[in-house]
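Please look over the sequence and the structure shown below, and then read the short report that follows.

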Amino acid sequence: MKNLEKFRNNSLLETLNIKKELSIPLIFKRAVHAIALMLAFISLSVAAQGTIPGEIRLDYAYYSPPSLVAKKFGWMEEEFKPDGTTIKWVFSQGSNNSLEYLNSGSTDFASTSGISALVSRTNGFPVKIVYILNTNESSALMVTKDSPIKTFADLKGKKIAATKGTDPYFFTLRALDANQLKRDDVELVHLQHPEGLQALLRGDVVAWAGLDPHMASGEVNSGIHPIYRNATFSSFVTLDTTENFIKNHPQALERVLKVYERARIWILQNPDEAARIVSAESKQLPQVIRQYLTRSNFNKPIPQAIHTDPIKAAIPILVEDGVVKRDSNINVAFDSLVDSSTAKRVVKK
């Protein structure tokens with residue numbers, strides 16, 4: 001019996017010794033596995049946040065005061081300096097310029113009208129509206145102070161200057177439709193905004209689809225005035241980027257919007273100084289910019305129904321005029337045009 005008990009005790013000790021010997025590598029293996037899982041989780045988290053690009057390219061425009069303010073104070077450069085990211089600013093004269101830059105890859109962000117962004121997306125470019133720079137009355141049909149044009153009907157058979165692919169151009173199409181005139185009832189002369197104003201003043205055209213601050217400049221300096229206004233036809237100034245930028249650089253997108261939000265709030269708190277910045281950048285008199293800013297609204301930065309409803313209302317006109325093809329998926333493009341999720345996180349209620 002003693003021998004049996006001794007055998008059992010020895011066997012137990014041997015078993016314990018074996019387990020003890022095995023326990024060290026087993027614990028090590030489990031620790032390595034846990035570390036691997038943790039590193040994988042960290043890697044996935046970093047991937048989810050995306051990378052910060054080595055260069056971020058944005059446009060700036062006279063019709064986008066937040067871009068002028070952010071550029072003036074170097075806030076975008078300040079935001080991304082810790083990352084070693086270069087900020088490049090590209091000047092734009094209008095939505096058509098901005099979208100050319102964005103769609104060609106020359107910029108990562110574009111300041112455009114909402115309708116222009118829709119047309120671009122319908123034509124196959126992955127444009128997304130992510131923020132509202134200015135909920136403004138962006139256009140009106142302007143005539144000279146001594147113009148013989150007294151009613152909208154007087155425009156029939158006449159030349160109207162408008163920058164194709166911009167909000168004033170689409171405004172003109174909607175204005176014609178609202179006043180029972182067809183596209184072929186007038187001659188649209190495609191000129192960039194400042195050239196359109198000069199063409200009006202020279203008498204080369206009888207009306208011009210204006211855009212601020214050039215529109216305000218004509219009012220203050222030359223006495224031009226609107227023959228037709230309709231604020232509901234505006235599609236406002238939107239900040240656009242691409243689907244790839246949203247997907248690959250979500251953290252960078254949030255920080256870019258953070259800077260624009262900083263500029264927006266600063267404008268609301270410092271309207272006179274903001275007017276001076278826009279005046280200096282655009283080479284327009286301060287009273288011109290003050291007139292321009294009477295038509296601006298910086299209180300609605302998150303894309304919402306007030307911004308998208310005018311875009312949707314313009315769809316039949318865009319199709320009828322041939323701006324987009326009749327068999328295009330413009331309604332599908334409209335449904336996927338806006339991504340307001342980042343703006344909702346950035347904008348403080």
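## Salt bridges

The count of salt bridges comes to 15, a salt bridge being a side-chain nitrogen of Lys or Arg within 4 Å of a carboxyl oxygen of Asp or Glu. This is a predicted model, in which local features need pLDDT of at least 70 and side-chain atom pairs count only at pLDDT 80 or more, while totals for chains, interfaces and linings use all residues. Residues are numbered from 1 along each chain as its sequence is written, and side-chain values use heavy atoms, with hydrogens and water left out.

D108 forms a salt bridge with R57, their closest N and O atoms being 2.9 Å apart. This pair links distant parts of the chain, 51 residues apart, with D108 in the loop between α4 (95-104) and β3 (110-113) and R57 in strand β1 (residues 55-60); helices (H or I, at least four residues) and strands (E, at least two) are DSSP runs, numbered from the N terminus. Both D108 and R57 are buried, where buried means under 20% relative accessible area, exposed over 50%, and partly exposed in between (1.4 Å probe, protein chains only).

R276 forms a salt bridge with E273, the closest N and O atoms being 3.0 Å apart, and both residues lie in helix α11 (residues 271-282), 3 residues apart, or about one turn of the helix. R276 is partly exposed, with a relative accessible area of 49%, and E273 is partly exposed as well, at 31%.

## A network

E79, D83, R255 and K258 are linked in a network of salt bridges.
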